[in-house]
Amino acid sequence: MTTRTILRALLAAAAVALLADQAAAQTALARVRTAGQLRIGTDATYPPFASAQGGDFSGFDIDLGRAIARELGVTPVFVNASFDGIFPALQNGSFDVVLSAVTITAERRAVLLFSDPYIDAGQLLAVRKDRQDIRGPADLSGARVGVQINTTAQFDLEKRAGVAVAKYNTIDLALLDLENGRIDAVVSDAPVLRYMTTLSFKGLKTVGDQFTDEKLGIVLARDSDDLRRAVNAALWRLQDSGAYARVYRQWFGETPAATAGPAADAGGTRLFDPALVSRTWRFLVRGVWMTAVLAALGLVLGLPIGLALALARVQPSRLFSIPAGIYVEVVRGTPLLVQILFIYFVLPAFGVNLPAFTSGAIALTLNSAAYLAEIFRAGIESIETGQMEAARSLGMTYAQAMRRVILPQTFRRVLPPLTNEGIALLKDSSLVSVIGLTELARTGQELASRYAAPLTIWPVVALLYLLLTFPLTRVAQELERRWRPVARG
Amino acid sequence: MIAVTNVVKTYGSTTVLNRASFAIAEAQLTTILGPSGCGKSTMLRCLNRLERFQEGTITLAGIEVPGTAHAPLSAADERELVRQVRARVGIVFQNFNLFPHLTALGNAMEAPMTVKKMTRTKAEAIARHYLERVGLSGKEALYPAQLSGGQQQRVAIARALAMEPDVVLFDEPTSALDPKLVREVGTLLRSLDDLRKTLVVVSHDMDFARAISDQVIYFEGGRAVESGTAGEIFGNPQQPETRAFMACFQGRS
């Protein structure tokens, strides 16, 4: 099941509430004017349209977005979002427009608003330089072809018989796989492929001409008609003033601007490039920080909730044990990804509109609480019944016995599985990238595509995850060591 | 001190206690003796409300504990009854159930602090006193896992005594010990005479019962068959069940 399918199902459930909500809201243009800023959602893993390095965005879409905001008299604010979740995020108000090389299609038109087209971009084919038998889309029958997930390239190829479509989260991963020989071709927007094969993926070439005629548009939520008119007016003015042409030349002219300049010097994608690591170091550290904070919040807030759930499950009253049991079953029985999407995209339909960071932290907390609850419950139930009897026979109440006798022994026993859960949480936190949080994995994605250097970035990201889990393991070891005299009991 | 009248306890269709009636005198050491599965341990657990029973009555240090069939108690009343009973009755379990995360001293201090809200200083003084009484001076800082079986039992006894109950129950105190320690336990129990506690021991060990008991109750089939002084029960048993048990035992040794 793709994220898209999940989201479609979740959003269908929320659609009615959304419509009711929108009726009451301020118009989109008024909202932008009041806030004094135009929030632009973009998947910044797509040079030359958009790429990012930390909070620093660049690309054709970025420069165009800045120019439009200037025309509107407001400040542009770019929000990085995975292309996978970008439209639901637009609909729930995470940003005002999406400017992310989005092709205008009938299907998208049915649910979203588009500005006038701002650039023509057809699909183009890329293959390895040594490949001679694929010269156009007609030669793709029987071939395995890579695309970025949820793009018009995917939709086009799925209509062609005999083509096996391989979907990738970002286009650079598709190109890397092509270079590695695992797929036969990659289809994507012509400017992107030309850019990537010229500057980074030097073992690849584009073949033929663009074989579809597509127009890219700026995307708006359905209630944003007045904002759409204002954006269109801005686009016309930019065309007339020549500002548009300048931006176009900068990114698509004879000498494209080198966002990925460093990768070009690096001489291809085959080598590990220590210089690139030192150049991107501070962005990686930011990613590490985000991951560490999210995982720490999930664990620190999840522990008391998990403990409370476990206590509710083991105590005799059904009034508490049944709801706690249901909670644990539901949360453990659904994927964390769905929970993140639910909190961020569906709850706004019911009036709960949380920022991405809060949504991510809450999802991780509620998810880890369910797993921690089961760890604690198993721990409590592993304590011999004689311990509770002995404590009660001395006159302690159930609560006193739990607090003074059962739980202290439980904590010692569950330390190893708790450490496991902490490590799992650290790694699972990468899923929040779907709602646009730039944690470590997303940072890796951005840098790998911007510099077209997955072979440099991903090993470093893996190493950083390892370094993150290390302190957790050490703390657990230290606690176990300190508690050893009683572990023998 | 303790009067048990027509107590009946069943688990489903199994009757564990079948109209058990007997009396236990204050400040005496009474042994409930009987074969395995006769219900004597269940009887003991009823005495401090670790088990409930359906019919009959137990009167214990002035507290009346009714069967659940006649007078079902509200949750609050049951809690209060349990609190009262356990304030008067302590128990030393067959396998001791010491708290493994606490030292010997900690085991004996825990309940006085949490239940009686005693200060740490006062609880420690009491705990040290009783640990000394059971011969564990110098072992206060050791954890249960660092102590021998006999020493662990002594900690369990000190832990029960630290709550200063009127009655102390012992469930099969000799079964977890090797034979040479059995005599020591007997000596230890008799050394507590000056505390004037009512001690109730459940055992299937006749030698042990004969050596330590003031009073012996012979238990079989979920009821007290015969009750008397140790001399009476061992010297001149009246009931056929008691005689059969003695004969079997004598034949064995």
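Modeller: Let us begin with a term: a residue is buried if 20 or more other C-beta atoms lie within 10 Å of its own, exposed if 12 or fewer, and partly exposed in between, the C-beta atoms being placed from the backbone. Helices (H or I, at least four residues) and strands (E, at least two) are DSSP runs, numbered from the N terminus. This is a predicted model, in which local features need pLDDT of at least 70 and side-chain atom pairs count only at pLDDT 80 or more, while totals for chains, interfaces and linings use all residues. Residues are numbered from 1 along each chain as its sequence is written, and chains are lettered from A and ligands numbered from 1 in the order in which they are written.

Biologist: What is the mean pLDDT of chain B?

Modeller: pLDDT is the predictor's confidence in each residue, from 0 to 100. The model as a whole scores ipTM 0.93 and pTM 0.75. In chain B, 98% of the residues reach 70 or more, and the mean pLDDT is 92.

Biologist: How many residues of helix α3 of chain B are buried?

Modeller: The helix spans residues 104-114 and is mostly covered; the buried residues include B:Leu105, B:Met109 and B:Pro112. What covers them includes α4 (120-133) and α5 (149-161) of chain B together with α17 of chain A, where two residues are in contact if their C-beta atoms, placed from the backbone, lie within 7 Å. The number of buried residues in α3(B) is ten of eleven.

Biologist: Which element gives the largest share of the side of chain A that touches chain B?

Modeller: Across the two chains, 18 residues of chain A are in contact with 20 residues of chain B. The elements of chain A that give two or more residues to this side are α16 (385-393), α17 (398-428) and α20 (484-487). The largest share, six residues, comes from α17(A).

Biologist: How do the residues of that side of chain A divide into nonpolar, polar and charged?

Modeller: Ala, Val, Leu, Ile, Met, Phe, Trp, Tyr, Cys and Pro count as nonpolar, Asp, Glu, Lys and Arg as charged, and the others, Gly among them, as polar. On the side of chain A that touches chain B, the division is seven nonpolar, seven polar and four charged.

Biologist: Why is helix α18 of chain A described as largely enclosed?

Modeller: The buried residues of α18(A), among them A:Leu440, A:Gln445 and A:Arg450, pack against β2 (45-46), β3 (50-53), α7 (171-179), α12 (274-314) and α19 (454-482) of chain A. The helix, residues 440-450, is largely enclosed by the rest of the structure because the buried residues number eleven of the eleven.

Biologist: Which residue is the bridge partner of A:Ala52 in β4 of chain A?

Modeller: Two strands pair if DSSP finds at least two bridges between them. In chain A, three strands form an open antiparallel sheet in the order β2-β3-β4, with β2 and β4 (56-58) as the edge strands, each pairing on one side only. Three bridges join β3(A) to β4(A), and the partner of A:Ala52 is A:Phe57.

Biologist: Is the peptide bond from A:Pro47 to A:Pro48 cis or trans?

Modeller: Most residues other than glycine have a negative phi, and most peptide bonds are trans. A:Pro48 lies in the loop between β2 and β3 of chain A. The bond from A:Pro47 to A:Pro48 has omega near 10° and is cis.

Biologist: Which residue of β8 in chain B is the bridge partner of B:Thr31?

Modeller: Strand β8(B), residues 198-203, is mostly covered, with six of its six residues buried. Five bridges join β8(B) to β3 (residues 29-33) of chain B, and the two run parallel; five bridges also join β7 (residues 167-171) of chain B to β8(B), again parallel. In β8(B), the partner of B:Thr31 is B:Val201.

Biologist: Is B:Arg196 buried or exposed?

Modeller: B:Arg196 sits in the loop between α6 and β8 of chain B, and its phi is positive, near 55°. With 10 other C-beta atoms within 10 Å, B:Arg196 is exposed.
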